[in-house]
Amino acid sequence: MKRLLTAGLAIALFAPQAFAEGDADKGKKNFNKCKSCHMVETADGETIVKGGKTGPNLWGVVGRTAGTADFKYSKYLVAAGEAALVWDEEEFTAYVADPSKYLKGYLDDNKARGKMNFKLKKAEEAANIWAYLTSVSPATEGADSGS
């Protein structure tokens, strides 16, 4: 019985991590919700996803310090980057669920808000989009990959 409980606990602890990894193929489809404001275009100008320009280019977002790409971010997102916010799956999925709420908590500032008003309410879609962005992003080893 003790082994069964231990095995069940191990499965419960590791199951969320497996889910959180997302599916890049589904993420490509889920990214349709993002492309009205965001594009994915390489530093060389190759268009991976044609999209809007009211939000920053999301190529290279994986491992990038928040608020550092070539875009006019809110002062709060820039401040979050200055406070060491680097985009990884956990931070990205929390941010896209409710950007202003996230920034208020991250900066411990009730006035904080971002420019992004869209909320991606389904955690699975956020994880899938992260997996997709990871699949089309450059390697991030050892450097900030601002685009």
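1. Ground rules. This is a predicted model, so to speak of a local feature a pLDDT of at least 70 is needed, side-chain atom pairs count only at pLDDT 80 or more, and totals for chains, interfaces and linings use all residues. Residues are numbered from 1 along each chain as its sequence is written, and side-chain values use heavy atoms, with hydrogens and water left out.

2. Overall layout. The protein has 6 helices and 2 strands, running α-α-β-β-α-α-α-α along the sequence. Helices (H or I, at least four residues) and strands (E, at least two) are DSSP runs, numbered from the N terminus.

3. Of the 147 residues, 37% count as buried. Buried means under 20% relative accessible area, exposed over 50%, and partly exposed in between (1.4 Å probe, protein chains only). The accessible surface comes to about 9200 Å², with 55% of it belonging to carbon and sulfur atoms; such areas come from the Shrake-Rupley method with a 1.4 Å probe, and for residues only the protein chains shown count as cover.

4. Contacts along the chain. Take the contacts between residues at least 6 apart in sequence: 50% of them join residues at least 24 apart. Contact here means heavy atoms within 4.5 Å.

5. H4 against H6. The axes of helix H4 (residues 89-97) and helix H6 (residues 123-136) come within 9 Å and cross at roughly 130°. That makes H4 oblique to H6. Axes are lines fitted to C-alpha atoms, for helices over the stretch in contact, with angles from 0 to 180 degrees between N-to-C directions. Angles under 35 degrees count as roughly parallel, over 145 as roughly antiparallel, 65 to 115 as roughly perpendicular and the rest as oblique.

6. Who meets whom there. From H4, Glu89, Phe92, Thr93 and Val96 meet Ala126, Ala127, Ile129, Trp130 and Leu133 of H6. By type, the residues of this contact split into 7 nonpolar, 1 polar and 1 charged. Ala, Val, Leu, Ile, Met, Phe, Trp, Tyr, Cys and Pro count as nonpolar, Asp, Glu, Lys and Arg as charged, and the others, Gly among them, as polar.

7. Asn30. Look in helix H2 (residues 24-30) for this one. Asn30 is buried, at a relative accessible area of 13%, and touches Glu125, Asn128 and Ile129, leaving aside residues up to four places away in sequence.

8. Two loop residues to check. Ala84, in the loop between helix H3 (75-82) and H4, has a positive phi of about 85° although it is not a glycine; Ala84 is exposed at 55% relative accessible area. Asp108 sits in the loop between helix H5 (99-107) and H6. Its phi is positive too, about 50°, and Asp108 is not a glycine either; at 73% relative accessibility, Asp108 is exposed.
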